[in-house]
Amino acid sequence: MSRLILISNRLPVTVKRERRGEQELSSSSGGLVAGLDPLHSKGDGLWLGHPGEQPNARTCKILEERRLVPVSVPASEYRGFYQGYSNNAIWPLFHYLIERSRFDASEFEAYRRVNERFADAVAEHSRPDDTIWVHDYQLMLLPEMIRERVPGARIGFFLHIPFPSSEILRVLPEREQILRGLLGADLIGVHTYEYADHMLRSIRRILGLESRQGSVRVNGRTVRVESHPLGIDVKSLRDRAFSESAERRLARLKRGMGDRQVILGVDRLDYTKGITFKLEAYRRLLASSRRWREGVVLVQVAVPSRENIESYRQQKDEVERLVGEINGLYGRPGRVPIHYVYRSIPPEELGALYRMADVLFVTPVRDGLNLVAKEYVACRDDGGGVLVLSEFAGAATELGEGLRVNPWDVIGTAQKLERALEMDFGERNQRMMAMYRRVVANDVHRWVDRFMRSLLQPGEPIYTAPPLLESEVLAATISSPFAHAESPLIMLDYDGSLREFTDRYEDAVPTREIMEILTELSALPDVHLFINSGRDRNTLGEWFSDMPISLIAEHGSWIRYRGADEWAHLGSPPDVSWKEKARPVLQEYVDRTPGARIEEKSSSLVWHYREAEVDLGEWQALELASLLENMLSSAPVEILTGARIVEIRQQGLDKGRAYDFVKRQYGPFDFVLATGDDRTDEDLFSRLEPEAFSVRVGGGGSRATTAVSSPASMRRLLRALIRARTAVAVG
C-alpha cells in the first residue's frame, strides 16, 4: 500500500545532548511542522531528516517508534552543506542579495554529497509505490537523485523561499545542476505565481526546455510547476492567543504601553527581513511630528537566527545600534520609542502582542511568504489593527487589503505608517475582515490537502525513449498489417523525419528518392497518405504540386486533400493581430544574430537560426523565447522551441487536431502509421489509438511506440511497406 515519505533538512524533532550527557528530543515549531505533522501522524509513512546530534541506541528506538528516520551526516560536511552552500550561496541569492552571496566549489560539493546521503536513505527505506515529498532549498538536487534511484516514484517538491528571476539565477555557477535537480520531481510547488513564472522562465532560458501551461517536458515526463501559498495553523494559533495565559499577558502589556498606539514588528534577525529599513522609516515618522514621539511606541521582536554566521552577527550589531540611536534621540527617562526584544517569544505572549498591536509593520526586502502577517490577521477577528506589508513579501499577493510599502522608499514607508496610525475603525474593519476570512479559509491544512491532491492526481505517464529498431526489424512487425489493411492511413512528418535537416531551411526540398517513395505509396490502392508538417502551405503546395497526396500545413492550420486545387482552413480563421506586436521583436533578434531569419505563416511566425553560429543562436533563442512568453502572455498563442527555431503558434492548432479531423472525414482506418521527430509530433502521437503504429525518428523520450535512428531509416521502412502491399496486391 502506498505510503507518504516526507523529507526535510531537519526532522520535526531535534536530538540534543543535556548536561548529564543524556539525549533529549525537543519538538520543532513553525508552520511547516504544524501542517505536515498531522499528515505524518495519521498514516504509516516516514519522515527523513537530519536529527541534530547523532542519536544513540535509545534515541534511535524512540525515533523509529515515531517513524522518523535520521539521516547521518558528518559534522564538517553538514557545515559545508548548511552554513556553507545553503546559506552562503542559495539563501542570499534567492533573496536578490547578490552582494552577500559567496560561491565556493567545496561548499557546493558538500551540498551535493549531503543530498546524495538523503537520496541513499530514501532508496533504502522507500517502497516502489511510495509518494515522496521533499522540502526546501537545502535539498534542491534531491528530486533528480531520487528519480535515478527510484525511477517510477511519484515525487513532489516544495520551495519555501522565493525563486528568483532568471537574471538573478544566472549568477549561480551551479544553476543548471540546481534546475535539473528540481526537475526530477513530478510537481514543484512555490508560494506565488510570480515564483512559478520565474522558475519556468529560468528553465527555458538556462536549460532550453519550453514550458506549456505551467508544465515542462523533460526526459519523456511532464513536470508541473504550481503556486500553493502556505497557510497557518489558525486553530492552534488562536487557542494560544486567546488562552487564559495570553489574557493575563495582554492586560500587563496594555498597562505598560498606556495610551500610546502600538506598532509591532516580529522578525527573525535576518538581513532579508529589512529591519534596518523599518527602523529608518520609524525614525522619520518620529522626526515628522511631536505627536508621534509622544503617542506611538514600536515593539520590535528580533528572534535570534544563525548566530554562528558572521553576516548575521553584523546584522544584529547594526539593528541594535539603530535602536540605541533612536531611543537616545527621542526617548526620555521611563519612556522610550522602541522596546527591543532579542529572544524567541512564547506563543501565548506572541498572541497577546498581536491582539494589542494597532499596526503590524512587516518590511522584508524579499520574503518567500511571511507567516507573521497571516498570524496577525488571524488574531484580529475584532476587525481592528492595520497591516503594513512590504510588496516584496510573498504574502502581499494574498493580503492586498494591507498597506503595501517599498522598504527602500523610507519616506514613502513612513507616510504609509502614518496613514495606518490615522486610519479610522471603519476602514480598519473593512480591510482586516476581508483578509481574516481569506486567511482562515486557506489554513495550513488546506495547503497540505491541495498540494497532495495535485501531486496524486492522475497525470501523464512517464515517457521514456521508445525502443530504437533497425528499419528491417520494424518492417517485419508492421508490413503484414499494412499489406492486408482495407483502409490504411500513413501520416508522415517532413523535416527531420522524411527529409534530413539542411543548413538552410529553404534547401530541404524533396529529393528524387523521397518523390519516388511518395509516388509509389500514393499509387497503392486504398491508401490514405498525408504529409503533416509545420511548413507553410505555399511551400508544401509548390513542392508537391504534381503529387496525388494530401497535405496538412502549419501544424494543422490548413489541409489540401489529394486532387483538390485549394487549401481549406481547419476550423475558423485564427486571430493573428498579435503578429504586429511580435514581428518587430523577431526582426530585432534577426538583426543581432547573423544567420537568423523570419518565416511568416498564416497562423504563426518562426524565428530560424539554423545558419547562425551554434552557441550564439541557442543563447539568443532562449532569450527570445523568454521575452516572447512574457510579451504575449495575454495573446492566444504558445511559444515553441524546436530544431533551431523559435515559433509563435496560434493556440489550439496542432498536428493531433489535424489527425482528429482526418479520422472524422475519411476514417475509419484499420491501420495507422504516424511519424515525427520533435515536440510538435507528440501532439499527434497523443491522439493515436493504442493499436496504431507511431515511430519517432531519432532518440529521446516520446509517446511513440518505437523509434528509428534517422530519416534514411524511415525511408527504408516505407520502401519495405510498399513492397509488402504490392506483393499482396499482385498475389
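## Close-up views of a predicted model

View 1. S471 is found in helix α19, in a model that is predicted rather than experimental. With a relative accessible area of 2%, S471 is buried. Neighbours within four places in sequence being set aside, S471 is in contact with S713, R716 and L717.

View 2. Strand β20 (residues 558–560) runs antiparallel to β21 and is joined to β21 by two bridges. The bridge partner of W558 is H569 in β21.

View 3. Six strands form an open sheet with parallel pairing, in the order β13-β12-β11-β14-β15-β16. Its edge strands, β13 (338–341) and β16 (403–405), each pair on one side only. From one strand to the next, the twist averages 20°. Four bridges pair strand β12 (residues 296–303) with β13 in the parallel sense, and L298 stands opposite I338 in β13. Helix α16 (residues 410–422) packs on the sheet, in touch with β11 (261–268), β12, β14 (359–362), β15 (386–390) and β16. The direction of α16 makes about 165° with that of β16. Helix α17 (residues 425–441) lies across β11, β15 and β16 and runs at about 65° to β15.

**View 4. Packing of helices α4 and α5.** Two packed helices are described by the angle between their axes and the distance between the axes. Helix α4 (residues 105–125) packs with helix α5 (residues 142–149) at an angle of about 40°, and their axes are 9 Å apart. At this angle α4 is oblique to α5. The crossing of α4 past α5 is right-handed. On the α4 side the contact is made by R112, N115, E116, F118, A119, D120, V122 and A123. On the α5 side L142, M145, I146 and R149 take part. A network of salt bridges links E77, E109, R112, R113, E116, R117, D120 and R149. Members of this network that also belong to the helix contact include R112, E116, D120 and R149.

**View 5. Salt bridge between E349 and R249.** The structure holds 57 salt bridges. One of them joins E349 to R249, with the closest N and O atoms 3.3 Å apart. Because E349 lies in helix α14 (residues 347–356) and R249 in helix α10 (residues 244–257), the pair ties together parts that are 100 residues apart in sequence. E349 counts as buried, at 14% relative accessibility, whereas R249, at 23%, counts as partly exposed.

**View 6. Salt bridge between E325 and R321.** E325 and R321 form a salt bridge in which the closest N and O atoms are 2.4 Å apart. Both residues lie in helix α13 (residues 310–330), where four residues, about one turn of the helix, separate E325 from R321. E325 is partly exposed, with a relative accessible area of 32%. R321 likewise counts as partly exposed, at 39% relative accessibility.

View 7. K579 forms a salt bridge with E600, and the closest N and O atoms are 3.4 Å apart. The pair links distant parts of the chain, 21 residues apart, with K579 in helix α22 (residues 579–591) and E600 in strand β22 (residues 597–600). K579 is buried, at a relative accessible area of 6%, whereas E600 is partly exposed, at 42%. E600 also stands opposite L605 in β23. Strand β23 (residues 604–608) and β22 pair in the antiparallel sense over four bridges, and a hairpin of three residues joins β22 to β23.

Technical notes. Residues are numbered from 1 along each chain as its sequence is written. This is a predicted model: local features need pLDDT of at least 70, side-chain atom pairs count only at pLDDT 80 or more; totals for chains, interfaces and linings use all residues. Side-chain values use heavy atoms; hydrogens and water are left out. A salt bridge is a side-chain nitrogen of Lys or Arg within 4 Å of a carboxyl oxygen of Asp or Glu. Buried means under 20% relative accessible area, exposed over 50%, partly exposed in between (1.4 Å probe, protein chains only). Two strands pair if DSSP finds at least two bridges between them. Axes are lines fitted to C-alpha atoms, for helices over the stretch in contact, and angles run from 0 to 180 degrees between N-to-C directions. Angles under 35 degrees count as roughly parallel, over 145 as roughly antiparallel, 65 to 115 as roughly perpendicular and the rest as oblique. A crossing is left-handed if the near helix is turned anticlockwise from the far one by less than a right angle, and right-handed if clockwise. Contact means heavy atoms within 4.5 Å.
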